[in-house]
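Colleague: Could you take me through this model, starting with where the chains meet and then turning to the fold?

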Amino acid sequence: MTALFPGRPTAVPILALGDTLLVSLQGELHDGMAEQLQQDISRRIADSGAVGVIIDISGVEIVDSFLGRVLAEIAASAGLLAAGTVVAGMRPAVAITLVELGLTLPGLTTALDVERARELLAQAAEPGTWDRCQRGT
Amino acid sequence: MMAVPGPVTAARLPIRSDADLAWVRQQVRQCAADLGFGLVQQTKLVTAASELARNTLVHGGGGHVDVTPVTRGVTRGLRLSFADSGPGIRDVELAMTDGYTSGGGLGLGLSGARRLVDEFGIDTVPGRGTTVTVTAWAPGVPTARPGL
């Protein structure tokens, strides 16, 4: 993935679907881009009043401890801004690898795909249900 | 994605920036695919390489990785040797502990990478630098099953 601006990685686009933000991560993600994304999402939530964030990682071939931490921190800061985060579409090989790496990301809500992530967030929009969703019940 | 099994040659890749980390991941994945590693094995090895390359960059102040195809009998494997001339690791046993971190990370880099590969070695001299060498083996030739 080459940057449009040499020396500066291109930003990851954030799409708005109603009151939900959708971010689709693809291929190689440079560390700097991941950190930029965290700031961009927080700002977009604050500006737009979005109540949900879906991060689609179906196009991501590996999640290492750095990207895992960034995902967890995005979810944590979105939570403080009153938005729920669902990570969607993790590849099976990535899930197996994360467990062996020792990174099970207990604070992260996941869904098999974006559609299911939207359903989770819609359920969560009913008062009091988000905590139950996060506990997986 | 159809990886055509081809000759895998030894290479030395620099680790000096974010972009180099991405390049190391891509090269390791390509080599592992060429050597016949399965998808889960490729993912584990690339993840381990990413952790170790980041250590080289963040803790070692940069360095390089030597990517070398190896064989043991009929089994093919890939050896990765990450070298830096940074401050070294004073207490290797402590650095290998889950959750121990000196750089603000999650402390899973070394201990996690070790679990993702078949062989793991670390050579470090305080003040001189660190070399971490890992090897992963492709699944061997399947044993013949009677009746098949």
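Colleague: How many residues of chain B are in contact with chain A?

Modeller: Please keep in mind that this is a predicted model. On the side of chain A, 18 residues take part in the contact. The residues of chain B that meet them number 24.

Colleague: Which helix supplies the largest share of the side of chain B that touches chain A?

Modeller: Helix 1 (18-34), helix 2 (39-58) and helix 4 (109-116) of chain B each supply at least two residues of that side. By class, the side of chain B that touches chain A is made up of nine nonpolar, eight polar and seven charged residues. The largest share, nine residues, comes from helix 2 of chain B.

Colleague: Turning to the sheet of chain A, which are its edge strands?

Modeller: The sheet is open and mixed in its pairing, with five strands in the order 1-2-3-4-5. Neighbouring strands are turned against each other by 30 degrees on average, with direction ignored. Those that pair on one side only are strand 1 (14-17) and strand 5 (109-111) of chain A.

Colleague: Within strand 3 of chain A, what is the bridge partner of Leu21(A)?

Modeller: Strand 2 (residues 20-26) and strand 3 (residues 52-59) of chain A run parallel and are joined by six bridges. For Leu21(A), the bridge partner in strand 3 of chain A is Val53(A).

Colleague: At about what angle does helix 4 of chain A run to strand 4 of chain A?

Modeller: Helix 2 (residues 65-80) of chain A lies across strand 3 and strand 4 (84-88), running at about 155 degrees to strand 4 of chain A. Helix 4 (residues 114-124) of chain A lies across strand 2, strand 3, strand 4 and strand 5, and its angle to strand 4 of chain A is about 160 degrees.

Colleague: How many residues does the largest nonpolar core have?

Modeller: Among the residues with the most contacts inside this core are Ile55(A), Val28(B) and Leu45(B). Leaving out residues up to four places away in sequence, Ile55(A) touches several others, including Val23(A), Leu25(A), Leu71(A) and Val87(A). The core as a whole has 68 residues.

Conventions:
Residues are numbered from 1 along each chain as its sequence is written. Chains are lettered from A and ligands numbered from 1 in the order in which they are written. This is a predicted model: local features need pLDDT of at least 70, side-chain atom pairs count only at pLDDT 80 or more; totals for chains, interfaces and linings use all residues. Two strands pair if DSSP finds at least two bridges between them. Helices (H or I, at least four residues) and strands (E, at least two) are DSSP runs, numbered from the N terminus. Axes are lines fitted to C-alpha atoms, for helices over the stretch in contact, and angles run from 0 to 180 degrees between N-to-C directions. Two residues are in contact if their C-beta atoms, placed from the backbone, lie within 7 Å. A nonpolar core is a set of buried Ala, Val, Leu, Ile, Met, Phe, Trp, Tyr and Cys residues joined through C-beta atoms within 7 Å. A residue is buried if 20 or more other C-beta atoms lie within 10 Å of its own, exposed if 12 or fewer, and partly exposed in between; C-beta atoms are placed from the backbone. Ala, Val, Leu, Ile, Met, Phe, Trp, Tyr, Cys and Pro count as nonpolar, Asp, Glu, Lys and Arg as charged, and the others, Gly among them, as polar.
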